[in-house]
Amino acid sequence: RRFLRRHREALQGKPLAIFVLAMSLTAGSETSVDGVPVVVDPKLPKAPLKPGNLSFRENYATLSNYLQPILKAARPARPVSIGVFGGRMEYGRLKWWAVLFAMLIVKAPAGEKRNWDVIREWARGLGEAM
């Protein structure tokens with residue numbers, strides 16, 4: 001988000017695609033956020049325990065919750081696509097409070113979740129969109 005805020009003027013009027021790495025995502029039916037098409041790695045989302053009654057953690061990890069601040073940081077630039085993929089969690093690279101947040105709130109175990117095949121497929125489709 002910092003990069004998008006810093007360079008929002010330079011990005012305006014240029015084709016823009018954004019990728020997001022996450023360790024947790026609550027399953028939903030959205031294919032776009034604020035009219036921007038979104039591609040989600042199908043291995044990433046997890047079904048909520050009680051659909052229609054999301055827990056704090058599940059609500060925090062919704063697609064809209066992740067992407068609204070990113071879209072706001074990019075304005076007035078508007079991406080042609082957003083890709084949301086599993087990331088990589090290394091507790092040793094985080095501050096202690098971030099480790100606690102990841103473990104207790106997000107419940108994201110350390111490890112590798114990147115699905116390179118899905119990432120490459122999304123990237124190949126960007127040429128047409130841009």
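Which element gives the largest share of the lining of the second largest pocket? Strand 1 does, with 5 residues.

The model is predicted, so local features need pLDDT of at least 70 and side-chain atom pairs pLDDT 80 or more, while totals for chains, interfaces and linings use all residues. Residues are numbered from 1 along each chain as its sequence is written, and side-chain values use heavy atoms, without hydrogens and water.

**Second largest pocket.** Select Arg 1, Arg 2, Phe 19, Val 20 and Ile 70, which lie nearest its centre among 14 lining residues. A pocket is an open set of points on a 1 Å grid where a 1.4 Å probe fits, with protein on both sides within 12 Å along at least five of seven lines; lining residues have an atom within 4 Å of a point. The space here is about 480 Å³. Helix 1 (2-6), strand 1 and helix 4 each supply at least two lining residues; helices (H or I, at least four residues) and strands (E, at least two) are DSSP runs.

**Largest pocket.** Its volume is about 580 Å³. Select Leu 21, Ala 22, Met 23, Tyr 66 and Met 89, the closest to its centre of the 17 lining residues. Helix 5 gives the most to this lining, with 5 residues.

**Helix 5.** Now select residues 96-106, the helix that holds Trp 96. Trp 96 counts as exposed because its relative accessibility is 64%, and exposed means over 50% (1.4 Å probe, protein chains only).

Technical notes
Buried means under 20% relative accessible area, exposed over 50%, partly exposed in between (1.4 Å probe, protein chains only). Grid points are joined across faces, edges and corners, and a volume is the space filled by probe spheres set on the points.
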